[in-house]
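Here's a quick briefing to read with the model open beside you. Have a look at the structure first, then work through the points by topic.

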Amino acid sequence: MAHAHDSSSERPAILDKVRPAELPRSPLILNNRGFHWITDKVCGIVEEETPLWWKIMFGVALFVASFTFIGLSYLVSTGTGTWGLRSPVGWGWAIVNFVFWVGIGHAGTLISAILCLLRQKWRTSINRAAEAMTIFAVMCAGIFPLFHVGRVWFGWWLLPLPNQNGIWVQFRSPLEWDVFAVSTYFTVSTLFWYMGMIPDLGVIRDRATTWWRKAFYSLLAMGWRSGNRQWSNFEMAYLLLAGLSTPLVLSVHTIVSFDFAVSNVPGWHTTIFPPYFVAGAIFSGFAMVLTLMLPLRAIYRLHDVINQYHIDNMCKIILATGTMVGYAYATEFFIAAYSGNVYEKFAFVNRAFGQYWWAYWIMVSCNVITPQLFWFKKVRENHSLVWIICLFVNVGMWFERFVITCTSLANDYLPSSWGYYSPTIVDIFTFFGTFGFFSVLFLLFIRFLPLLPMAELKMVSPQADPHTH
Amino acid sequence: MNERNERIHGVACTFRKVSDVFHAAEKVRDAGWKNWDVHTPFPIHGMDQAMGLPRSPVPRLTLLGGVTGFITGCLLTWYMNSYDYPLIVGGKPYWSVIFPFPVIYECTILFAAFGTFFGQFIFNRLPRHNHPLFDLPNFARVSDDTFMIVLEARDPQFHLDESRNFLQSLGGQEITVIRD
């Protein structure tokens, strides 16, 4: 992050006369902690003996993950008919779960890239964990479209590779755009996450006492020596990756929304979809960040680095994006009424009062009504309540994708071809297990990699300013 | 003037405070040193100017990657959907920049990110797992809370005793000779 050097000798003379008031800013790190405290705190998490809660959680997570394994094994050995998909609903939980998980990932990139460009220094406490969340969420998301192709061993036909049929992928299909968008997103997020971690891996390497730790972290740290000549290139590369990730994350969920918007189905064929999907993705992702970080903060006593200021900011972003999503729901209804298109009108009345009315009202109450509680400071300071509201948001956002996908497909044009979709036990197993898969990866991350970015935390502490004495 | 000992990599000294190392770096820069570095646990705001470093060259590889990605995306979609196996879809042209734009866009970002990521490694000459600095007993503290200035022996100004005295005059502590 290349900043201009502000030299105190170039102060305009007027500033000495008028004595501008110092505007107080909320401290990012409480209790005036030093550099060594930050190193000890973050490295301590990796270096301590594996705690009992971790072992128990890891066992539980593996058990839950096995449900995905069972669901997918049954699917592959039997066929996609074991999912609840049938005409007219050819897209059910598979696409719902895909969009749900991809959306969760987006908050990680928002925190690491967009807030970096906007110079929001509070992002430093949460960006590493949020980026890890992004990568693991995209891995969970990828499972669904990959297995939805039916014969998963032909999954590579999605890639632009020559195959025995002599035909190529069709670049006019939004599903092919998705392949490029999601795989690029996964790759760039991983590069960004790993590059940001190199200096911190160097710290763990320098503190390592056993040979295997030394070897493992040396390999990952790539011989980082933290010289300013290295920092200069590193900072520039980090800024550029942030600048590249920002249009990337916006394009990814835009393209995901094109999967729907490019079709001719009532309720899907709308231009509001890209911004509406991006707002929803950020909304659900921030809820997931808080769902993960609040327990971690309590377990590892990170109250000095993740303080009320951070939690307040995240709650306010959830409030803002939740309200945007609510506004989008209202706009959809207005446009449907205003369009004069009977199918479009019916699609929306049917969403709210048709056979899936319960899903619609779960969505509205979780996504539009619950986050409004964040207007109140008392609510934002009650962390158990914040955590519960975030769970509601996660549930609500899953239902949003369910409502969009299933109501539009189940009742589109001809009443003779209407139907009712419900998932099978295989669908439920596969989706339930992804939470375990996600947790397994996240627990491994907590145990072996630096949870908080040490260098960036040191950089935002007051004693890092070269002009204080 | 130069009694260069091939087995010496340079001399190092440490500082405890950011402001001390910052002002010391400005003095080393003003003394005209070329081969030297400041090792810090985090990037210090304004240190590039204090050391007199030019702008990082990483953006050149980012641009190169981005342009390569854009051309790759165009060629990929043109070759597959309009040259090797042309398909008429809705009476539209075989290839235009519009329909595969998401693909071209993602290719541009992907290759630009590769350029940036590998550019950082190339310009930092990493990975390099063996370096004389790693043998210094106090180097491990540099990634924690200590700041270190290293004057390298390959600089034309380097003279073991004079450089040591120079570091002392800057207020550096724990002045150590680094052996190759």
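This is a predicted model: local features need pLDDT of at least 70, side-chain atom pairs count only at pLDDT 80 or more; totals for chains, interfaces and linings use all residues.

Chains A and B touch each other, with 59 residues of chain A in contact with 56 residues of chain B.

**Where the chains meet**

- On the chain A side, the elements giving two or more residues to the contact with chain B are helix 2 (35-47), helix 6 (174-207), helix 8 (228-261) and helix 16 (454-460).
- By residue type, the side of chain A that touches chain B splits into 29 nonpolar, 22 polar and eight charged.

**Helix 4 against helix 8 in chain A**

- The crossing of helix 4 of chain A past helix 8 of chain A is left-handed.
- From helix 4 of chain A, the residues in the contact include A:V99, A:G103, A:H106, A:T109 and A:L110. Helix 8 of chain A answers with A:A242, A:G243, A:S245, A:T246, A:V249, A:H253 and A:V256.
- The contact of helix 4 with helix 8 of chain A is made by ten nonpolar and eight polar residues, with no charged ones.

**Helix 5 against helix 15 in chain A**

- Helix 5 (residues 127-148) and helix 15 (residues 425-448) of chain A pack at about 150°, with axes 10 Å apart.
- That angle makes helix 5 of chain A roughly antiparallel to helix 15 of chain A.
- Helix 5 of chain A goes past helix 15 of chain A in a right-handed crossing.
- On the helix 5 side of chain A you'll find A:A132, A:M133, A:F136, A:A137, A:C140 and A:I143. They meet A:T434, A:F437, A:F438, A:L441, A:F442 and A:F445 of helix 15 of chain A.
- Eleven of the residues in this contact of helix 5 with helix 15 of chain A are nonpolar, one is polar and none is charged.

**The sheet in chain B**

- Chain B has an open sheet of four strands in the order 2-3-1-4, with antiparallel pairing.
- Strand 2 (36-39) and strand 4 (173-179) of chain B sit at the edges with a single partner strand each, so one side of each has no neighbour in the sheet.
- From one strand to the next, the twist averages 20°.
- Strand 1 (residues 8-15) and strand 4 of chain B run antiparallel and are joined by five bridges. Here B:A12 stands opposite B:T176 of strand 4 of chain B.
- Helix 5 (residues 160-169) of chain B lies across strand 1, strand 3 (147-152) and strand 4 of chain B, at about 15° to strand 1 of chain B.

**Backbone details in the loops**

- Most residues other than glycine have a negative phi, and most peptide bonds are trans.
- In chain A, the peptide bond from A:S87 to A:P88 is cis, with omega near 5°. A:P88 belongs to the loop between helix 3 (52-78) and helix 4 of chain A.
- In chain B, the bond from B:L126 to B:P127 is cis too, with omega near -5°. B:P127 is in the loop between helix 4 (101-123) and strand 3 of chain B.
- B:R125, also in the loop between helix 4 and strand 3 of chain B, has a positive phi near 50°. It is partly exposed, with 13 other C-beta atoms within 10 Å.
- A:S226 has a positive phi as well, near 55°, and lies in the loop between helix 7 (211-221) and helix 8 of chain A. A:S226 counts as buried, because it has 27 C-beta neighbours inside 10 Å.

**One exposed loop residue**

- A:E22 lies in the loop between helix 1 (14-18) and helix 2 of chain A, and it is exposed, with 6 other C-beta atoms within 10 Å.
- The C-alpha atoms of A:E22 and A:V342 are separated by 60 Å, and the two residues are 320 residues apart along the chain.

Note on methods. Residues are numbered from 1 along each chain as its sequence is written. Chains are lettered from A and ligands numbered from 1 in the order in which they are written. Axes are lines fitted to C-alpha atoms, for helices over the stretch in contact, and angles run from 0 to 180 degrees between N-to-C directions. Angles under 35 degrees count as roughly parallel, over 145 as roughly antiparallel, 65 to 115 as roughly perpendicular and the rest as oblique. A crossing is left-handed if the near helix is turned anticlockwise from the far one by less than a right angle, and right-handed if clockwise. Two residues are in contact if their C-beta atoms, placed from the backbone, lie within 7 Å. Ala, Val, Leu, Ile, Met, Phe, Trp, Tyr, Cys and Pro count as nonpolar, Asp, Glu, Lys and Arg as charged, and the others, Gly among them, as polar. Two strands pair if DSSP finds at least two bridges between them. A residue is buried if 20 or more other C-beta atoms lie within 10 Å of its own, exposed if 12 or fewer, and partly exposed in between; C-beta atoms are placed from the backbone.
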